[in-house]
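User: Please take a close look at the aromatic pairs in this model. Start with the whole, then zoom in.

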Amino acid sequence: MNTIKNTSKSTDSCCVVSCDRPLDQDYWDAQYKAKTTGWDIGQVSPPIKEYVDTLENKNSSILIPGCGNTYEAEYLLQAGFTNITVIDIAPTLVQELKQKFENNSNIKIIQGDFFEHKGTYDLILEQTFFCALPPTMRQKYVWKMHQLLAHNGIIAGLLFNRTFEVSPPFGGSKEEYELLFKNAFDFLKMDVAPNSIAPRANSELFIEFKKNNKVKVNLYEFKGITCSGCMNTVTTQFKDLNGVENVSMSTNFAEVLIVSKNEIPVSQLQEIVSYDEKYSIIKI
C-alpha cells in the first residue's frame, strides 16, 4: 500500500497523528489504541439512517466493511434487523465491538482483511471504507463488492465528492466513480446527499448501486507498465475486444479490472500485450 503523511486534526481526517506508515493493520490499530479517530462522527450518518428507514426486509444479509465503531450496525439492530456482519482490520477495535455486542446473536463481528472475506450479502453499506483505501485499490474494491453481493445485491452509502490536501481520507468525484463502477453495477442513485453532517455538507454523494448479473467482473495482476501512456494503449486494446464493457487500471498500473459479457481467456489478453516482452497479465 501507499505510505502517507498527515498532521491534520479535522473531522474528515483519518490520520490525526503525524505519520509516514503504510495503511495496514498496524496503522489502523494504532489509531484505535491512541483514540485518534478523527473520522468518527459519533453517530449513524444521517443519509444512511434515512436509507435504512426505507428498508423493509429485516432478514436481509447486510455487510459493513471497515466498520469502525459501527453506529450503522447499532442502528440496524435497534430497527430490528437480524443478519448483520461487520468486518474491520483493527484488532483493538474488533475486541471492543465483540464485548459491546456479546449478547446479541443478530450481529457477527469479524477481524480481518475485507478483500479476503467470503460470503454473500443482499446489502453492503459503505461508510468511510472506500475513502480509507489507497486509490490504487479502487479496482479491487469494485471487483470484491461485485463478488460478495447476492444476485440482486446493493451497495449503498456515501462517497466523498471532493479531494483532500492530506490523506486519508482519499476523495474523488462523481465522474471518476461513474467510470470506475460502470457496467459492473447499475446506478440507481448517485446524488449529493442533502442531509450530511455540517462538516461534510455538499461534499458527500449518496450512492445506491445494484449488481449487474449479466456481466463477468474480473481482476488481473498486470506487470510491466510504467507510464500512463502505456496504460492507455493497453486498456484501449482490451476495450476493443468483443464483449468487453469496461476496462479500468489502477493508478499504480498493477491491476486491471475488466467487465465483460463473457469470460475473456487470460491467454487472449496476454496475446494482445505480447508486443512488449515486459508485459504479463495474471487473473487474480
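**Aromatic pairs in context**

The protein's accessible surface is about 13,000 Å², by the Shrake-Rupley method with a 1.4 Å probe, where for residues only the protein chains shown count as cover. Carbon and sulfur atoms own 45% of this surface.

This is a predicted model, in which local features need pLDDT of at least 70 and side-chain atom pairs count only at pLDDT 80 or more, while totals for chains, interfaces and linings use all residues. Numbering runs from 1 along each chain as its sequence is written, and side-chain values use heavy atoms, with hydrogens and water left out.

The protein has 8 helices and 13 strands. These are DSSP runs numbered from the N terminus: helices are H or I with at least four residues, strands are E with at least two. The radius of gyration is 19 Å, close to the 19 Å of the globule rule for 284 residues, so the protein is as compact as a globular protein of that length. That radius is taken over C-alpha atoms, and the rule is 2.2 Å times the number of residues to the power 0.38. Along its principal axes, the C-alpha trace spans about 60 × 45 × 35 Å.

Of the 284 residues, 52% are buried. Buried means under 20% relative accessible area, exposed means over 50%, and partly exposed is in between (1.4 Å probe, protein chains only). Contact means heavy atoms within 4.5 Å. Among contacts between residues at least 6 apart in sequence, 65% join residues at least 24 apart.

Now the rings. Rings of Phe, Tyr and Trp (its six-membered ring) pair if their centres lie within 6.5 Å; planes under 30 degrees apart are stacked, over 60 edge-to-face, the rest tilted. The count is 17 aromatic pairs. Take Tyr 51 and Phe 206: their ring centres are 5.5 Å apart and their planes stand at 45 degrees, so this pair is tilted. Tyr 51 sits in helix H2 (residues 46-52) and Phe 206 in strand E9 (residues 204-211), so the pair ties together parts 155 residues apart in sequence. Both partners are covered. Tyr 51 is buried at 11% relative accessible area. Phe 206 is buried at 8%.

Tyr 275 and Tyr 279 have ring centres 5.8 Å apart and planes at 85 degrees, so they are edge-to-face. Tyr 279 is buried, with a relative accessible area of 6%.

There is also a cluster. Ten residues need naming here: Phe 114, Phe 115, Phe 129, Phe 130, Tyr 141, Tyr 177, Phe 181, Phe 185, Phe 187 and Phe 209 form one aromatic cluster.

Back to helix H2. Pro 47 lies in this helix. Pro 47 is buried, at 5% relative accessibility. Leaving out residues up to four places away in sequence, Pro 47 touches Leu 158, Ala 193, Asn 195, Ser 196 and Phe 206. Phe 206 is thus a ring partner of Tyr 51 and a contact of Pro 47. Pro 47 and Asn 195 are 148 residues apart in sequence, but their C-alpha atoms lie 6.0 Å apart.

In H1 (residues 25-33), Tyr 27, Trp 28 and Tyr 32 are among the buried residues, along with Asp 29 and Gln 31. After H1 comes Lys 35, with a positive phi near 55 degrees.
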